[in-house]
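These are my notebook entries on one structure, kept in the order in which I looked things up.

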Amino acid sequence: SMLSGYNVETWKQANQTFVAAGKTRSVMMRAISGAILLVAAFGIYNILNMTIMQKLDDIAILKATGFSGKDVVRIFVGEALVMGTIGTAAGLAIAAVLVNMMGRVYIGGDIGYFPIRFEPMVFVAGALIGLVVTFGAGFFPARNAAKVDPVEIFRK
């Protein structure tokens with residue numbers, strides 16, 4: 001500055017590379033998490049789609065005996081949500097164990113232990129995203145199943 005003759009810079013200015021590396025890691029983790037969720041959603045979608053194709057006769061019988069399209073959707077979305085709830089719970093349990101284990105790994109230097117901590121809001125967000133993705137992956141094949149015409153199925 002003009003008064004002292006010293007050039008002053010903030011911590012962020014002095015450690016721009018470190019700050020940029022942190023942002024890069026954050027973006028990479030979000031991208032990887034998003035890709036994993038996308039793969040999981042397609043997996044659930046394919047499982048339910050195949051289940052629905054195999055059960056077209058049963059769906060036709062349900063509709064012929066008075067079940068509405070909404071009832072069929074409810075059945076398959078319920079199945080998807082059961083799978084999603086089990087998968088999300090297992091994923092959160094595994095994540096909690098891994099966070100606990102990784103937090104105990106000593107790296108050394110200025111860092112000390114591995115810089116990871118249990119953040120409840122991240123787990124809540126993960127659970128919500130998991131259930132929303134599961135609902136979507138179950139809803140679209142179920143909606144197609146609800147449109148099945150029983151007469152067409154019985155003719156085959």
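In which helix does threonine 88 lie? I found threonine 88 in helix α4, where helices (H or I, at least four residues) are DSSP runs numbered from the N terminus. Before going further I noted that this is a predicted model, in which local features need pLDDT of at least 70 and side-chain atom pairs count only at pLDDT 80 or more, while totals for chains, interfaces and linings use all residues. Residues are numbered from 1 along each chain as its sequence is written, and side-chain values use heavy atoms, with hydrogens and water left out.

**Entry: threonine 88**

I looked up its accessibility next: threonine 88 has a relative accessible area of 14% and is therefore buried, a label for residues under 20%, with exposed meaning over 50% and partly exposed what lies in between (1.4 Å probe, protein chains only). Leaving aside residues up to four places away in sequence, threonine 88 touches Ala127, Gly130 and Leu131, a contact being heavy atoms within 4.5 Å.

I then checked the length of α4, which covers residues 69-102: its 34 residues should span 50 Å at 1.5 Å a residue, and its end C-alpha atoms are 48 Å apart, so the two agree. The expected span is 1.5 Å times one less than the number of residues in the helix. Among the buried residues of α4 I listed Val72, Phe76, Gly84, Thr88 and Val99, and their cover includes α2 (16-54), α3 (56-64) and α5 (120-146).

For α2 I repeated the check, and its 39 residues should span 57 Å at 1.5 Å a residue, which agrees with end C-alpha atoms 57 Å apart. The residues I found buried in α2 are Ala41, Ile44, Leu48, Thr51 and Ile52, covered by elements that include α3, α4 and α5.

**Entry: the core**

Which residues have the most contacts inside the largest nonpolar core? They are Ile59 and Phe76, in a core of 13 residues; such a core is a set of buried Ala, Val, Leu, Ile, Met, Phe, Trp, Tyr and Cys residues joined through side-chain atoms within 4.5 Å. Two or more residues of this core come from each of α3, α4 and α5, and α4 gives the largest share, four residues. Beyond four places in sequence, phenylalanine 76 touches Leu48, Thr51, Ile52, Ile59 and Ala142.

**Entry: aromatic pairs**

I counted four aromatic pairs, taking rings of Phe, Tyr and Trp (its six-membered ring) with centres within 6.5 Å, and calling planes under 30 degrees apart stacked, over 60 edge-to-face and the rest tilted. Phenylalanine 118 and phenylalanine 123 form a tilted pair, 4.6 Å centre to centre with 40 degrees between the planes; phenylalanine 118 is partly exposed at 46% relative accessibility, whereas phenylalanine 123 is buried at 14%. Phenylalanine 135 and phenylalanine 139 form a stacked pair, 5.8 Å centre to centre with 15 degrees between the planes. These two, phenylalanine 135 and phenylalanine 139, are four residues apart in helix α5, so about one helical turn separates them. Phe135, Phe139 and Phe140 form one aromatic cluster.

**Entry: a point left for last**

Is phenylalanine 135 buried or partly exposed? Phenylalanine 135 is partly exposed, at 39% relative accessibility, and phenylalanine 139 is likewise partly exposed, at 26%.
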